[in-house]
Protein chains: 6
Amino acid sequence: MTHSHSPRIDAFREQRDAYNQVLAKYANAEQKRFFGLDATTYQAGHLDKKTKELLGFVASLVLRCDDCILYHLIESHKAGVKSEELAEAVSIGMLVGGSITIPHVRRAMDIWDKELEGKN
Amino acid sequence: MTHSHSPRIDAFREQRDAYNQVLAKYANAEQKRFFGLDATTYQAGHLDKKTKELLGFVASLVLRCDDCILYHLIESHKAGVKSEELAEAVSIGMLVGGSITIPHVRRAMDIWDKELEGKN
Amino acid sequence: MTHSHSPRIDAFREQRDAYNQVLAKYANAEQKRFFGLDATTYQAGHLDKKTKELLGFVASLVLRCDDCILYHLIESHKAGVKSEELAEAVSIGMLVGGSITIPHVRRAMDIWDKELEGKN
Amino acid sequence: MTHSHSPRIDAFREQRDAYNQVLAKYANAEQKRFFGLDATTYQAGHLDKKTKELLGFVASLVLRCDDCILYHLIESHKAGVKSEELAEAVSIGMLVGGSITIPHVRRAMDIWDKELEGKN
Amino acid sequence: MTHSHSPRIDAFREQRDAYNQVLAKYANAEQKRFFGLDATTYQAGHLDKKTKELLGFVASLVLRCDDCILYHLIESHKAGVKSEELAEAVSIGMLVGGSITIPHVRRAMDIWDKELEGKN
Amino acid sequence: MTHSHSPRIDAFREQRDAYNQVLAKYANAEQKRFFGLDATTYQAGHLDKKTKELLGFVASLVLRCDDCILYHLIESHKAGVKSEELAEAVSIGMLVGGSITIPHVRRAMDIWDKELEGKN
């Protein structure tokens with residue numbers, strides 16, 4: 001029931017888990033170390049979790065990677081990022097990365113609206 | 001009826017309008033100014049509309065943004081760009097941006113063929 | 001029957017063939033020369049076919065073009081690339097191109113697992 | 001004298017000011033609005049100045065624009081970012097953007113060390 | 001004397017010619033065909049020379065290749081592009097490609113001002 | 001004397017070593033693990049050293065990172081890559097990444113000619 005308002009996020013997670021099982025099957029030592037780094041880099045440290053997730057979000061936005069954007073959007077929401085804060089991070093990404101980021105912003109804000117913020 | 005030959009373009013526009021409503025709900029002042037710029041930059045000026053749309057098309061092609069490509073393809077068609085002119089713009093984008101642009105060219109030309117030029 | 005284990009690869013090829021017919025309809029002389037180059041560049045020469053396909057694969061991975069990745073994945077498999085060799089090429093692409101390549105690696109390895117290597 | 005420990009930053013600023021005068025001479029209304037946006041987007045708002053500069057820094061790092069990186073490095077320093085915080089932002093940019101960001105990180109940290117942090 | 005007002009453009013051309021001799025020494029058949037395409041793609045056809053050079057300029061700007069930008073800036077000037085037209089092409093490139101294009105625009109406009117337009 | 005024919009490569013290495021000392025001074029645990037990965041990923045494994053360096057070279061070429069290109073050019077030369085093999089790797093990078101890679105190819109081949117191959 002918990003998930004009833006987040007069909008796209010649920011689908012994203014299930015697909016990602018299934019993919020990760022395949023990844024693990026073929027990954028060599030270097031890949032495993034890379035995935036390990038990917039997990040630890042966003043842990044709270046001198047910068048708090050919220051800031052780190054917003055940094056991951058903006059980096060993903062300007063590089064235009066929808067799956068990466070969605071991942072950090074979910075984590076940003078979990079870390080307590082507010083809509084007004086997200087909007088400012090989006091402003092920076094859009095300015096730096098240009099109008100080609102807009103389609104990604106559209107998809108991100110639609111999920112933020114319907115499956116993250118809308119659940120509160 | 002008008003739309004009966006352009007199902008993908010119709011779907012694109014409807015989706016885009018729905019997304020834009022969500023965008024507007026969360027957009028801050030900077031985002032609104034950015035969207036405003038996006039609207040005025042392509043208006044005819046010292047360069048005509050056709051040239052400006054082709055510039056937007058080629059920029060979108062080399063940066064490989066399908067939604068942006070489709071948008072400027074539609075606007076180029078409206079502005080009177082001919083197939084032979086589009087082909088030359090595609091040649092430039094493909095040469096500058098490399099073979100990774102080809103999948104985007106395939107999708108663009110399929111829509112040009114079936115939903116834009118094919119309607120004439 | 002031959003195709004029964006490769007539905008996504010079959011769909012990719014059919015779509016690609018259909019697209020290429022449209023491409024050919026509008027392509028000018030420069031585009032045709034570009035497509036010609038695209039066909040000859042990967043032929044075995046001083047570097048063998050396997051190495052050339054892996055070069056095409058890694059270039060496509062760091063530029064994050066799913067269709068290009070899939071194409072070179074299929075050709076790498078045909079050329080006899082083993083899973084352990086592919087994994088090392090993936091390690092290099094992931095390291096050079098960063099974590100934004102991971103979603104593309106996920107999709108590539110899923111097809112490698114279910115529709116290429118799984119057929120052997 | 002104030003500037004005696006920051007020769008590269010001084011040179012960067014002088015060059016930038018000279019360039020901006022030329023920019024202003026040819027800029028049309030759209031460009032002026034874009035430059036205006038560039039100035040206001042990083043002002044403190046719901047996110048503080050420090051966070052906004054780090055977002056600009058990481059976006060610039062993954063897109064690999066040395067001048068943009070240097071600009072936000074200087075502004076981050078002014079806003080009070082500590083070396084340990086910068087290091088975490090660098091970790092995220094490097095992970096997301098890959099090893100091709102390393103030459104840019106090298107140049108940035110050299111300036112951070114010799115002309116920003118070293119002045120304290 | 002002809003060259004006395006264009007030291008950077010002269011240096012660019014001399015360096016480019018020297019480099020091209022080395023390129024030719026090692027180039028294989030595929031590379032030579034690619035260089036050939038690069039030469040013919042910008043010739044006037046269904047689109048005039050001016051439009052083609054502006055397309056090459058904007059593609060180079062959003063991909064942030066200084067040498068490519070300079071090349072098409074020189075050719076645009078030769079083809080009769082006016083400052084107001086260039087400014088509109090810059091507006092489109094800057095909007096689509098984002099603020100990371102600004103340092104490239106600065107360098108381009110400085111050469112436009114001092115070594116191209118200033119010669120008229 | 002050994003170095004008398006490679007001034008640019010010597011300068012590159014000295015600068016790189018100096019930068020790396022600064023990097024090490026500020027690097028946190030994640031960065032150190034990333035640098036470690038960067039060192040081990042190119043070691044001979046299921047793919048030989050030569051192939052791995054060419055993969056690194058082509059990835060760097062299409063992402064247009066001069067320092068990365070130079071590094072892998074030097075390592076490719078050490079690993080025994082011949083001019084004809086390099087030329088084929090260049091062909092692939094240029095085709096996939098487009099004409100914007102050409103300025104980088106020019107600089108790479110000039111160093112290959114004057115400071116690597118020319119030393120043999």
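1. Start with the core. The largest nonpolar core holds 222 residues. Those that touch the most other members are A:Val58, B:Val58, C:Val58, D:Val58, E:Val58 and F:Val58. Keep in mind throughout that this is a predicted model.

2. Take one of these residues. What does E:Val58 touch, leaving out residues up to four places away in sequence? Within chain E, the partners are E:Ala89, E:Ile92 and E:Gly93. From chain B come B:Leu55, B:Val58 and B:Ala59. As a general point, nonpolar side chains in soluble globular proteins tend to be buried together.

3. Next, the contact between chains B and E. Each chain is listed with its share: 27 residues from chain B and 27 residues from chain E. On the side of chain B that touches chain E, the elements giving two or more residues are α2 (29–40), α3 (49–62) and α5 (83–97) of chain B. α5(B) gives the most, with ten residues. By type, the residues on this side of chain B are twelve nonpolar, nine polar and six charged.

4. How are chains B and E related? A rotation of 180 degrees, with 0.0 Å of shift along its axis, superposes chain B on chain E. The RMSD is 0.0 Å. This is the relation of a two-fold axis. The copies meet through the same surface, because 100% of the interface residues of chain B are also interface residues in chain E.

5. Chain C is superposed on chain D by a rotation of 180 degrees with 0.0 Å of shift along its axis, at RMSD 0.0 Å. Which C-alpha of chain C is nearest the axis? That of C:Gly98, at 1.7 Å from it. Both copies use the same surface here, and 100% of the contact residues of chain C recur in chain D.

6. Now helix α6 of chain B, residues 102–116. Its 15 residues should span 21 Å at 1.5 Å a residue, and the end C-alpha atoms are 20 Å apart, which agrees.

7. Finally, the surroundings of that helix. Buried residues in α6(B) are B:Ile102, B:His104, B:Val105, B:Ala108, B:Met109, B:Ile111, B:Trp112, B:Glu115 and B:Leu116. What covers them? From chain B, the cover includes α1 (7–26), α3, α4 (66–78) and α5.

Note on methods: Residues numbered from 1 in each chain as written. Chains lettered and ligands numbered in written order. Predicted model: local features only at pLDDT ≥ 70, side-chain atom pairs only at ≥ 80, totals over all residues. Contact = placed C-beta atoms within 7 Å. Helix = DSSP H or I, 4+ residues; strand = E, 2+ residues; numbered from the N terminus. Nonpolar A, V, L, I, M, F, W, Y, C, P; charged D, E, K, R; others polar. Least-squares fit on C-alpha atoms with pLDDT ≥ 70 in both. Core = buried A, V, L, I, M, F, W, Y, C linked by C-beta atoms within 7 Å. Buried ≥ 20, exposed ≤ 12 C-beta atoms within 10 Å, placed from the backbone. Expected span 1.5 Å × (residues − 1).
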